[in-house]
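Reader: I would like to learn how to read the features of a model like this one, going from a single pair of residues up to a whole chain. Could you take me through it step by step?

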Amino acid sequence: MDNLLKIENGKAIARASIPQVAYEQFFKTLSEFVKNEGFIVQFFAYKDEGNYKLLAVVRNNELYVIGTQVGKSFMSLTRNSSEKFHMFEREIAEQYGIKPDGHPWLKMVRYHENYTGEKDVFGNDYAKEIPGNYPYFSVEGEAIHEVAVGPVHAGIIEPGHFRFQCAGEEVLHLEIQLGYQHRGIEKMLPTLPHKRFPTICESIAGDTTIGHSLCMCQAFEALAGLSIDDGASIVRTIALELERICNHIGDLGALSGDVAFNPPAAYFGRIRGEFLNLLQVLGGNRFGKGLVRPGGISHIMGEEQRRLIRDKLAEATPEIEHVCDLLFSAHTVQARFEHTGTVEHNMAKDLGLVGYAGRACNISYDARVTFPTECYAELPANSNLVTNGDVNSRAAVRREEIMHSLRLISLLLDKHEKLEGTTTAVYMQDHNLSPASFVVTINEGWRGEVSHCVLSDEKGKVQRYKIKDPSFHNWTGLAMSLRNQEISDFPLCNKSFNLSYCGFDL
Amino acid sequence: MEQGCKTSKYPKEPIALYHRFRGLPVINKECSTEIAELCAGICPQDAIDTAVKTIDLGRCTFCGHCEAVSDGAFVRFSENFDLGTANRTDLVTSGSLPTLAKHSKQHFKKLFGRSLQLRQVSAAGCNSCEADTNVLNTPFFDLSRFGIDFVASPRHADGIHVTGPISLNMKQALMDTYDAVPSPKIVIASGCCSISGGPFFGSEQIVGDLNNLIPVDLYIPGCPPHPLTTLHALLSFFKR
């Protein structure tokens, strides 16, 4: 612990103040930290003056940072310490060609050439199309069969590959291989003018437009010393809660559809649209694109917008309550939701699940409470009653969060109405970022902890931009939820997590 | 029953979108070059050509920031959501688009006018295009009432509807899906990503323009296209 520097969410610090320790020390400190309710927020590599450096941002109830320098390989933390490092180490190997020695499942994450020109850790030739050269976890035996699904799926959804190892209908293991959505975002960002950052970050994952743009904007605000007014902060908070409501409602509808209970699917599908339209009322786009910019927001909320939102909340709240009752009180639905796709509390903790996936397993972490940004410090927190780790819990947590978010928006509208002073609309421009600095931003997006890290160089240019979508933690949770389930439960489990492909693939 | 009828009568009755919605831009040709250059300077998509005063809707994400320059002296976005075109060049616009229904290929109307089955392929789409396409199946829009459906198998499809900037990692799967659709088949590029790479233009990990792979018949711009933009484009292009 002594080696860790305590930092604050969204506050820039000088890079020189990040503790740089020898790898053995780094290894030991992190190993101990994750044993005691410690979780990883960010863990990534960057190149600095010709050397490879690793940087870890970790959390318990506080946020800490630590750095080290490595050669072309380092001793795997996944093998020796915790599963929480698993995907992060694979990502480091893929992006920088540095090998985590002894990693138990060292396999590409997204399938792309590394940034450094080092020898490829996985022995791939990237002139060849995906899937390239990689093994799948396999189970052998007379009655074992393998089911491969994707990348192109049956519905209108994003691509990914799922490989099930089954004995009859029972799934022994599911391996999820993504990467099909890789757009090279982290590599391209440092080469681009600032004006392109917001539009790109809004499209990291379109359903988390507000979550990711808040992280990006707060990072720029910290590095450029910008302050935002209260009115803008309220609108940002409302937008993030609207985004949460839209997605949760959509997913509850999809869950009803997956258990062939059609009325709530139709109702929720329609109601979700009403909330997307409220984002359009705020900023002219149903996903909130173009709304949040460094320094504030680009569209002011006036009396008219406040009234439209308030009226819609008044109309939709009883409808949502009613449709939720319809869904959760149906015996056929309960029979399908309960005890399906259970992830045990300890497993969820070992994997470091975040967001509703974590909360459904009784991991109460909510970044709105632990590391509040915007208006969250003064808003009431939520708590969850059903936390058994199954589909039913994940659905119940969504229901509770929808009702909580509706109340938050109502409070925020009251607050906005009483506000004195005016908000000025801001648009993207070039900013002078403070040189040789580091900042990490965290927001509780609808799926969970979204985080961005920026390292600026001596001239104030973005040297490394690191993005983490909560899906990066949670995909493994989905894989584990399928163990010993029937393969026909996959759609239901999948919808209850509803993870991002593009947020993971970047 | 209790929620009442929540469907729409579009296209028999028009639908008005909230005035903050950004649809077809209205460009002031008389605007000074200085102001147009200011707009081009802040455009994250490099979609504005100041010499001829046009906006490329195939690149534009409709973020609307150019509208804020000098109080909309160069461009204002209208609520008109009829944005689909049959030609890429038509998307480079000074404020008007050709009437789509007149420019669609007549044999397509004959072949697909009464029944159109599409296979959607997300090729690195960020999920907003996908989500706002999915929405067409909700009761409000109810796409099926027009005989248009999204189907699971490319073998059952009359064409593909592509979203996303086409990552290199999805190129093969996209082409396999296209090849699996029986001819004659149509190709729809939906969202600025599949038309130009969208926000990700210039990335070495994407193909960008779908036209580089397969010939596109219908372009639906937006980030994402509003469900009504997609609906209007499908109806105008395929229905008699």
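Reader: Which residue is the bridge partner of B:Leu116 in E7(B)?

Author: The model is a predicted one, and in it B:Leu116 has B:Ile148 of E7(B) as its bridge partner. That bridge belongs to the pairing of strand E6 of chain B, residues 116-122, with E7(B), which runs in the parallel sense over three bridges.

Reader: In what order do the five strands of the open sheet in chain B lie?

Author: Reading across the sheet, the order is E7-E6-E8-E9-E10, with parallel pairing. Strand E7 (148-150) and strand E10 (218-220) of chain B are the edge strands, since each of them pairs on one side only. From one strand to the next the twist averages 25 degrees.

Reader: Which strands does helix H7 of chain B lie across?

Author: Helix H7 of chain B, residues 227-238, lies across E6, E7, strand E9 (186-190) and E10 of that chain, and its direction makes an angle of about 160 degrees with E10(B).

Reader: How should I describe a pair of packed helices?

Author: Two packed helices are described by the angle between their axes together with the distance between those axes. In chain A, the axes of helix H6 (residues 209-224) and helix H7 (residues 230-258) come within 8 Å and cross at roughly 145 degrees. On the side of H6(A) the contact is made by A:Thr209, A:Ile210, A:Gly211 and A:Leu214, and on the side of H7(A) by A:Arg236, A:Ala239, A:Leu240 and A:Glu243.

Reader: How many residues does each chain bring to the contact between chains A and B?

Author: Chain B brings 51 residues and chain A brings 47 residues. On the side of chain B that touches chain A, E6, helix H4 (128-134) and helix H5 (168-180) of chain B each supply at least two residues. The residues of that side comprise 23 nonpolar, 21 polar and seven charged.

Reader: Why is chain A said to be as compact as a globular protein of its length?

Author: Chain A, with 17 helices and 16 strands, has a radius of gyration of 22 Å, close to the 23 Å that the globule rule gives for 506 residues, so chain A is as compact as a globular protein of that length. Its C-alpha trace spans about 65 × 60 × 45 Å along the principal axes, and 57% of its 506 residues count as buried. Among the contacts in chain A with a separation of 6 or more, 68% join residues 24 or more positions apart.

How values were computed:
Residues are numbered from 1 along each chain as its sequence is written. Chains are lettered from A and ligands numbered from 1 in the order in which they are written. This is a predicted model: local features need pLDDT of at least 70, side-chain atom pairs count only at pLDDT 80 or more; totals for chains, interfaces and linings use all residues. Two strands pair if DSSP finds at least two bridges between them. Helices (H or I, at least four residues) and strands (E, at least two) are DSSP runs, numbered from the N terminus. Axes are lines fitted to C-alpha atoms, for helices over the stretch in contact, and angles run from 0 to 180 degrees between N-to-C directions. Two residues are in contact if their C-beta atoms, placed from the backbone, lie within 7 Å. Ala, Val, Leu, Ile, Met, Phe, Trp, Tyr, Cys and Pro count as nonpolar, Asp, Glu, Lys and Arg as charged, and the others, Gly among them, as polar. The radius of gyration is taken over C-alpha atoms; the globule rule is 2.2 Å times the number of residues to the power 0.38. A residue is buried if 20 or more other C-beta atoms lie within 10 Å of its own, exposed if 12 or fewer, and partly exposed in between; C-beta atoms are placed from the backbone.
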